[in-house]
Amino acid sequence: MTAVDPRAAERPGHQRLFALDPDAVSCPYPIFERLRQDAPVTWVEEIESFVVTRYEDVTFVLKRPELFSSGMATGPVLARQLAQGMATLLSDGRTEGLDEVLKRVNRGGVKVLLSADPPLHRRQRNLVNRAFTQRRVAESAPAIRSLALDLVERFPAHGRVEFVQAFAVPLPLSVIADRLGVPRADMADFKRWSDDFTVAIGNHHLGPDELRAMLLSQAEFFAYFEEMVDRRRREPTGDLLSELVNARLPDGDELQPAELLGMLNQFLVAGNETTTKLLAFAVRRLAEDPDLAARLRAEPSLIDPFVEEMLRLEAPVQGLYRQAVEDCTVGGVAIPAGASLWLAYASANHDDAVFSCPEAVDLERGYPQPHLAFGFGEHFCLGAALARAEARIGISVLLEKLHDIGLDPANRFQFEPSYALHGLRDLWITYTPAP
């Protein structure tokens with residue numbers, strides 16, 4: 001086997017990304033381009049993993065779940081930090097009434113969807129697939145549009161608003177809350193829990209107190225949804241939560257309690273975080289390019305390809321991890337069994353070997369090969385159709401109701417501190433309300 005490249009730490013650029021340098025986090029694409037050219041599969045000590053940056057190599061791994069496990073999808077460093085944080089939390093005696101929940105979560109160790117391998121992953125998807133079909137998403141479209149219209153109607157008449165909190169957060173968060181059948185009155189808690197499930201993804205610099213607060217918040221989430229699950233078992237309704245509780249395969253197989261809670265966690269997070277980020281990037285691009293906004297307003301059929309281009313250009317999930325099950329080779333580099341690989345979806349989406357003029361918004365691109373913003377193969381995102389619908393409908397409503405969308409000079413374009421999740425913390429826009 002080839003030894004770890006001792007020159008990896010000397011390669012320009014990528015150290016800044018994994019150290020969360022703000023400039024590198026805000027625009028990592030030149031760093032990825034350099035890696036694709038010079039070291040497309042390279043060891044990075046900061047994340048204890050090989051970083052894979054070419055489209056061909058990323059999809060090679062994603063097509064082979066039998067060789068590359070998803071068991072540590074958020075990486076070995078975070079897995080170790082969470083284990084240590086949980087052990088400390090359970091021993092410090094200050095768990096604020098959440099001791100039993102924490103113990104159940106800690107004992108569970110159940111792999112769910114994102115972190116599950118076949119055949120477990122296929123079994124879980126078979127139990128929940130029908131809740132995310134194109135037909136079900138189409139049925140949700142009128143409600144999504146109504147919600148988007150209501151949010152825009154609340155924008156200030158003076159023509160200036162912070163878009164992330166006013167629209168990009170509440171639209172997908174309300175949609176997933178409504179689908180789960182949980183009260184919108186609890187939305188502030190849902191957002192806090194969602195943030196606390198993602199704060200450490202792609203950010204290995206949290207201190208002990210931050211990890212402790214994050215784990216306690218997660219325990220609150222599980223306690224809340226344990227109660228909701230029990231309620232749906234007694235009194236099922238027509239919502240997604242009831243469907244999950246009562247889902248059965250033909251042989252009678254059902255989701256176990258730990259699996260169910262893990263799915264609810266992923267649905268809450270994936271159901272809002274990624275779409276929030278997508279909407280913010282899309283509106284920033286429209287504000288920067290009035291001609292593009294005018295073209296979409298005149299030709300609404302182009303909103304769909306615009307959404308795909310924004311997913312490709314600014315993938316909300318920049319990459320996830322896999323672990324080699326056995327000795328293998330990726331991109332000509334020997335990977336030992338047990339080694340982790342960070343698959344840089346965002347880099348693959350900018351690979352000019354696959355996408356011509358990759359930095360441009362091309363509404364006629366056609367995609368002979370798919371972008372990887374929703375993953376690829378076995379773990380293709382279950383909620384992709386819903387996210388696309390929310391973005392398409394949300395952008396359509398914004399273009400319909402707002403004219404002269406622009407960027408407020410107050411913008412500093414601060415990004416979330418993560419190399420794995422890519423999102424603006426806020427976005428101030430100006431506009432003229434449509435007559």
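**Exercise 1.** Find which side chain makes a polar contact with the side chain of N272, and state whether N272 is buried or exposed.

*Solution.* Begin with the side chain of N272, which makes a polar contact with the side chain of S194 at 3.1 Å; a polar contact is a pair of N or O atoms within 3.5 Å, where within protein one must be able to donate a hydrogen and the other to accept it, and residues adjacent in sequence count only if both atoms are side-chain atoms. This is a predicted model, in which local features need pLDDT of at least 70 and side-chain atom pairs count only at pLDDT 80 or more, while totals for chains, interfaces and linings use all residues. Residues are numbered from 1 along each chain as its sequence is written, and side-chain values use heavy atoms, with hydrogens and water left out.

Finally, N272 counts as buried because its relative accessibility is 0%, buried meaning under 20% relative accessible area, exposed over 50%, and partly exposed in between (1.4 Å probe, protein chains only).

**Exercise 2.** Locate L113 and F413, and give the phi of each.

*Solution.* L113 lies in the loop between α6 and α7, and its phi is near 45°, a positive value in a residue other than glycine; with a relative accessible area of 7%, L113 is buried. F413 sits in the loop between β9 (402-407) and β10 (428-433), has a positive phi near 50°, and is partly exposed at 24%.

Note on methods:
Helix = DSSP H or I, 4+ residues; strand = E, 2+ residues; numbered from the N terminus.
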